[in-house]
Amino acid sequence: MTVAVALVLGVVIGTLLPKTAAAAPDSLSGWITTVATVVICVLTIVLAVETWRLRATQAQQIREFMLDSIRPNVSVELSGSHAGMSFMNVRVHNSGKGIARKIRFEFLDRNDQAASVEDEPIIKVFHKLTMFRAGIQSLGINQELKSFMFSFYELQKQLNADIFSPYVNIRIRFEDTEGNEYVNAFVIDFSQYQGFSEIGGNPLSKLADEVEKIRKEMAKMVSGNSRLGVDVYSSEDRAAESTELRVRWAREREERQATE
């Protein structure tokens, strides 16, 4: 482009400068035609290059849009149970827009190197669940797998170590429906739980316990194994019943005396 503009400017400036000899009209028109042809060629090449770049950019954007529409996002989360903070649940969740396949979990140490049960005893607790040992074949959109993991009260016995010393570094590998691979990481240091406490309990959990007690009592009533201790008599009813009993006992005493 620069060369073409320079040629055009050179021809124009050359025609304006004073000359000792006049150029032939055919020669001048030939130069102008040549320069114009060169300019058109250069512009055509520039336009073709820009068109190719635009198409490549559009194709890349379309490809990225298609990948985003099927991209899964698998995560691992530890959370306290409703029954109490000492009980921990684990959840594997796919929050992406596509189905996750061939989900695998790799346990690493603090230096991002492969860790074994001997290095990090907490891995043994995770391996109690098959999904952490063998992986997950498929996890749908917004689908999750949730399970009770451990209790802090029992964790010390299982690990034979300080419950706040374990360190979990999980690398999650998974694929989308087209076989594109993705990697996520889940890191948790158990020392961050040190000093946690809870006052009271979860109201929903308490309500569920009370409902369960009522259900058991009703089941006993229906089966006939138990009776409800419900007092349906008033003080007047009790007085009338007592009077009736005394009259009955007096009548029976009189009848026995008459027969004797």
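How much accessible surface does the protein chain have, and what share of it belongs to carbon and sulfur atoms? After that, please take me to the rings.

Reply: Happy to. The accessible surface of the protein chain comes to about 18600 Å², and carbon and sulfur atoms hold 57% of that. Such areas come from the Shrake-Rupley method with a 1.4 Å probe, and for residues only the protein chains shown count as cover.

A word on what you are looking at. This is a predicted model, in which local features need pLDDT of at least 70 and side-chain atom pairs count only at pLDDT 80 or more, while totals for chains, interfaces and linings use all residues. Residues are numbered from 1 along each chain as its sequence is written, and side-chain values use heavy atoms, with hydrogens and water left out. As for pLDDT, it is the predictor's confidence in each residue, from 0 to 100. The mean for the protein chain is 76, with 70% of residues at 70 or more. Confidence is lowest in helix H1 (residues 2-16), with a mean of 53, and highest in E4, at 93.

The protein chain has 7 helices and 7 strands. These are DSSP runs numbered from the N terminus: helices are H or I with at least four residues, strands are E with at least two. Of the 260 residues, 23% count as buried, where buried means under 20% relative accessible area, exposed over 50%, and partly exposed in between (1.4 Å probe, protein chains only).

Now to the rings. There are 6 aromatic pairs in the structure. With centres 5.3 Å apart and planes at 90°, the rings of phenylalanine 126 and phenylalanine 132 make an edge-to-face pair. For the terms: rings of Phe, Tyr and Trp (its six-membered ring) pair if their centres lie within 6.5 Å; planes under 30 degrees apart count as stacked, over 60 as edge-to-face and the rest as tilted. Phenylalanine 126 and phenylalanine 132 belong to one aromatic cluster together with Phe105 and Phe107.

Let us stay with phenylalanine 132, which lies in helix H4 (residues 130-134). Phenylalanine 132 has a relative accessible area of 1%, so this residue is buried, and phenylalanine 126 is buried too. Leaving aside residues up to four places away in sequence, phenylalanine 132 touches Val76, Val90, Val92, Phe105, Phe107, Phe126, His127 and Met149; a contact here means heavy atoms within 4.5 Å. Phenylalanine 107 is 25 residues away along the chain, and the two C-alpha atoms are separated by 9.3 Å.

Phenylalanine 107 leads us to the sheet. Its bridge partner in E6 is isoleucine 170. Strand E3 (residues 100-108) and strand E6 (residues 167-175) pair in the antiparallel sense, over 6 bridges; two strands pair if DSSP finds at least two bridges between them.

Across from E6, strand E7 is joined antiparallel by 9 bridges, with isoleucine 172 facing asparagine 184 of E7 as its bridge partner. The hairpin of E6 and E7 has 5 residues between the strands, and glycine 179 there takes a positive phi near 90°.

One more phenylalanine is worth a stop: phenylalanine 186, in strand E7. Phenylalanine 186 counts as buried because its relative accessibility is 11%. Not counting residues up to four places away in sequence, it touches Val76, Glu77, Leu78, Val168, Asn169 and Ile170.
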